[in-house]
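Let's learn to read charged side-chain pairs together. Have a look at the sequence and the model, then follow the questions.

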Amino acid sequence: MKTTRSRRFWRALVGVTAAVGAVTLTLSGCAPASSSASKDILRVAAIGNASFVQNFNPFSPTALGMSKTAVYESLMVTNLAKGEIVPWLASGYEWSDDGLSLSFDLNDDLTWSDGEDLTSADVTYTFDLARKVLGEATYDYVDSVSAPDENTVTYTFNRPYTPGLYELGVQLIVPEHIWKDVDDPAKFQNPDPVGSGPFTEVDNFSSQSYDLLRNPNYWQEDKADYDGIRVIAYGGNDAANIAAINGDIDFGLGFIQDIQKTYVDVDPENRGYWFPAVGSTISLTLNTTQAPFDDVNLRKAISMGIDRDSVVAKGMNNYTHPSDCTGLSDAYNTWRDDSIVSQCDWTTYDVEAANALLDESGYERGDDGMRVTPDGDPVEFSIGVGSASTDWIAVAQVISDDMKELGISAPLKVQDWSQINQALFGGTFQGNIAWSGAGVTPFEYYRSAMSCRTVKPVGEEATQNFQRFCSEEADQLMDQFAAATTEEEQQSIMSQLQALYSETAPTIPLFPGPEWGAYNSTNFVGWPSEDDPYATLSPAASSTVIVLTTIRPRD
C-alpha cells in the first residue's frame, strides 16, 4: 500500500488529535520593555496566564507553547486550513496491505541542535518514552515499534487503525542521547532543550518574555533564515491588543473587536488577519455525571433556549457562525451530512419549543417562575469561563441571560483559567465554555465528545470529554471508521456518528472556533492567508512550524 494514493484519500485515512484547550495554550502577563522591534527577531504574542516558567518539556501539560511549535518537531504536521497533513521529519509513509503495519521514511541528514544525528532510533525511543510518561494505554493499538535502518521506523498494530497515521505522525520527537539520562521525564522541566526545530537556543529568559534563537544545526538550512523569535507574555486579550495596535507584535493575536478598524486600518499596507472557522468547536459543556445534566431532554431544551446568532454577534464579533446539530467545524464541511442537519431542531433558537420540552420532561416552574427537577431540586448551573477570555465571557453572558426565559438560573463563574481548568479537567464543574478535540477528520471530535474510552472518573484529570459522556455505540462506530479503508465506508460511518451525536447531544455546540491569526509585515513577510493557506495563521497550531520556516525578514 504505497503513498501514491490521492491527497483526498490520504486525508480520509488520517485520524485526529485532542485539542489542547482554548486560550490556555499560551501564557501571558505584560509586555516587557525589551519588546522593541528588531528586524531579525520575530515578536510573538502569548496570551493567557500570568508569567512564564522555563519549562520546555514537550510531555508536560504546562510546557511553554513554543516547545511544541519551534523547539521540537514531529514526523508530520497538520494544516487544518486545507484539511491535510504535511510530511515534515518524515518524507513519506507506507501501509502494509493488511493495514497492520505502518512505516515512516525519515528525511536524510536530520540533526539535533547540538549537532548529533536524528535517526529512527530517536523515534522509537520517543514512542517508548511517551508510553512511560503518558501511560501504557497511549497508542494501545500498537504492538511494537522497530527501526529497520537509520531512516525507517515501522509500527506494528494489533488491529487496523487508520487514525494511527496521524496520531503517531504528530508525536513530537526527542533525542535519546539527552533524555535517556533524565530520572523523571514527567517532571523534568528541560530548561535548555536540545531539539530539531528551527528555534532552540534559549536566551534572555524572564517571567515576561524570552528569546529562542535559531538552531545552529537546523536540518532545513534554507529555512527560518533569521535570528530568532521573542515570545512576549500578555495577561489577556486587551493587553495583547493594545500592544499589537501600537506595533509591538509581529505575529499572534486573540479576540479583538472590529479588527479591521482597530488594527488593520492603522497600517493597512502591513497589517492583516485571517480567522478561518476550522478550529475546535466551542460548546456549552454540562457535566453529565451530575443530575439533571445527564438528561438529554434537558440538554436539548437548554440548547434550544440559546440565541446563537446573538452569541456569535455579541461574543464573537461575527467572526464565526452558529453550530449545527452535528457540532462539526468548517474543517469538516466535506464530511457533514446535510440530511441530518435539515432534520434536527435542537440547535435552532426556539424559546417556546424549549419551554414545552422542559414541561414535558417534568421540569415544572415553581411559584417564582424558576424550574425544578421532578425531585424538587432547582434547575441551575454555573458557567465557568477564564477571566482572560473576554470573548467567551461575553458568550457566557448571552447564555446566562437566555436561560432566564426558560426559568433556569445560570450565573457566570469567572476565574483564572488555572482555577477553571482544575474543575473542568477534574469533573467537578457544572457548566463551562469549553473546547473540543479537533484534527484532520471528525474522528477526534466525536471521540472527545462521546467515547467511553475517553471518560475519566471524577477526580482524575481529563484532557478531552470533559462532560464525561459515554456511548458504547459511538465506540463501535469509531472502531469501524478506524478499520475502514475506503472513502465510501468512512463517509457512511461518519454520517452515523453525526446522527448519534444529534440524538444524544453530549455537548451543546455553540460555534466553530476561529483559528485566530494576525500579522504585522513591517519586519517579516510571507504570511499565510485565505488566498495562500499553506498553514493557519496561528502561533499555537501544529502548522505553526510551517509559518516559522516560511516567513522571511523584509528586504
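Q: Is Arg453 buried or exposed?

A: Burial is read from relative accessible area: buried means under 20%, exposed over 50%, and partly exposed in between (1.4 Å probe, protein chains only). Arg453 has 54% relative accessibility, so Arg453 counts as exposed. This is a predicted model, where local features need pLDDT of at least 70, side-chain atom pairs count only at pLDDT 80 or more, and totals for chains, interfaces and linings use all residues. Residues are numbered from 1 along each chain as its sequence is written, and side-chain values use heavy atoms, with hydrogens and water left out.

Q: Which residue forms a salt bridge with Arg453?

A: Side chains of opposite charge can pair when their charged atoms come close. A salt bridge is a side-chain nitrogen of Lys or Arg within 4 Å of a carboxyl oxygen of Asp or Glu. Here the partner of Arg453 is Asp479, with the closest N and O atoms 2.7 Å apart. Asp479 is partly exposed, at a relative accessible area of 31%.

Q: How many salt bridges are found in the whole structure?

A: The search finds nine. Among them, Lys404 and Asp401 meet through their side chains at 3.6 Å, N to O. Lys404 counts as exposed at 58% relative accessibility, while Asp401 is partly exposed at 37%.

Q: Is Arg447 buried or exposed?

A: Arg447 counts as buried, at 17% relative accessibility. Its side chain meets that of Glu167 in a salt bridge (3.1 Å, N to O). Glu167 counts as buried too, at 11% relative accessibility.
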